Amino acid sequence: MKLYVPHVGHLEGLEDLLSGSDDIYAVYMAESPDYIGTGRTNLSAPKLEEIAIQTECAHDKA
């Protein structure tokens with residue numbers, strides 16, 4: 001089974017998520033509303049630098 005899992009947007013949450021299941025195929029999260037309007041409140045929106053760090057972390061776990 002392949003799971004596509006939402007991520008809250010901070011590195012600690014990503015690390016917990018990736019350590020929880022071998023069935024996770026992809027992780028997605030909302031972008032900062034500073035760059036792309038979402039129509040949703042996103043209080044924990046990561047900045048581009050944080051997204052780069054989290055992307056590298058996710059690729060290291062793959």
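User: What is the average pLDDT of the chain, and how many of the residues score at least 70?

Analyst: The chain averages a pLDDT (the predictor's confidence in each residue, from 0 to 100) of 78, and 73% of the residues score at least 70. This is a predicted model, in which local features need pLDDT of at least 70 and side-chain atom pairs count only at pLDDT 80 or more, while totals for chains, interfaces and linings use all residues. Residues are numbered from 1 along each chain as its sequence is written, and side-chain values use heavy atoms, with hydrogens and water left out.

User: Why is Q54 called buried?

Analyst: Buried means under 20% relative accessible area, with exposed over 50% and partly exposed in between (1.4 Å probe, protein chains only); Q54 has a relative accessibility of 5%, and therefore counts as buried.

User: Why does G13 count as buried?

Analyst: The relative accessibility of G13 is 19%, which is set against the limit of under 20%, so G13 counts as buried.

User: What makes the pair Q54 and H7 a polar contact?

Analyst: A polar contact is a pair of N or O atoms within 3.5 Å, where, within protein, one must be able to donate a hydrogen and the other to accept it, and residues adjacent in sequence count only if both atoms are side-chain atoms; the side chains of Q54 and H7 are joined by such a contact at 2.6 Å.

User: Which residues is Q54 in contact with, leaving aside its neighbours within four places in sequence?

Analyst: With contact meaning heavy atoms within 4.5 Å, and with those neighbours left aside, Q54 is in contact with H7, G9, H10, L11, L14, M29 and P46.
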